[in-house]
Amino acid sequence: GRTGVALLAVLLGIGLVAITFNTIRLQVLTQRQEIDVSRLLGATDAYVRRPFHYFGILQGLLGGAVAWLIVFAATALLAAPIGELAQLYRIEFALRPLAAVDTAVLLALAAGLGWLGAALSLRQHVTDD
């Protein structure tokens, strides 16, 4: 079970990076003229990239929040049936929601993956001219 959950987490993480990559790419393409004008006015590369990094982090946090909601709902829905099944086999087993530390780690990893997707996209699509 742990291997399956880990594999699913890795696949969903890759999906989050890919979605963030494409979203940032579309934003860069949409705002290409604004980026060019900013550079003509002396904007540094970091100044141009910063809002996109922030948006990538925000998008990652939102993805992490959705993941937390899915885990919470699954735990709430499956707690009673799994408890009944465990009683049939006389096993002490109960599903619990994620602890605060686990939730913080989940959100931090999701924000990091969002930043990674934004950074990869910006490296490819925002270059010094």
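**View 1. The second largest pocket takes its largest lining share, four residues, from α3.** Helices here are DSSP runs (H or I, at least four residues), numbered from the N terminus. This is a predicted model, in which local features need pLDDT of at least 70, side-chain atom pairs count only at pLDDT 80 or more, and totals for chains, interfaces and linings use all residues. Residues are numbered from 1 along each chain as its sequence is written, and side-chain values use heavy atoms, leaving out hydrogens and water. The second largest pocket holds about 220 Å³ of space. Its lining includes Val 71, Leu 78, Arg 96, Pro 97 and Asp 102. By class, the lining has eight nonpolar, one polar and two charged residues. A pocket is an open set of points on a 1 Å grid over the protein atoms alone, where a 1.4 Å probe fits, with protein on both sides within 12 Å along at least five of seven lines; lining residues have an atom within 4 Å of a point. Points are joined across faces, edges and corners, and the volume is the space filled by probe spheres set on them. Ala, Val, Leu, Ile, Met, Phe, Trp, Tyr, Cys and Pro count as nonpolar, Asp, Glu, Lys and Arg as charged, and the others, Gly among them, as polar.

**View 2. The largest pocket has a volume of about 1,100 Å³.** Elements giving two or more residues to its lining are α1, α3 and α4. The largest share, 10 residues, comes from α1. Of the 26 lining residues, Ala 9, Leu 12, Ala 67, Val 71 and Leu 106 lie nearest the centre. The lining divides into 19 nonpolar, five polar and two charged residues.

**View 3. Helix α4 spans residues 100–125.** Its 26 residues reach 37 Å from first C-alpha to last, close to the expected 38 Å (1.5 Å times one less than the number of residues). Its buried residues (under 20% relative accessible area, 1.4 Å probe, protein chains only) include Thr 103, Gly 114 and Leu 122. They pack against α1 (2–30), α2 (32–40) and α3 (45–88).

**View 4. Leu 122 touches Ile 24, Val 28, Arg 49, Phe 52 and His 53.** Residues up to four places away in sequence are not counted; contact means heavy atoms within 4.5 Å.

**View 5. His 125 sits in helix α4.** His 125 is buried, because its relative accessible area is 18%. Beyond residues up to four places away in sequence, His 125 touches Phe 21, Arg 25, Val 28 and Arg 32.

Terms used. Buried < 20%, exposed > 50% of the residue type's maximum accessible area, 1.4 Å probe, protein only.
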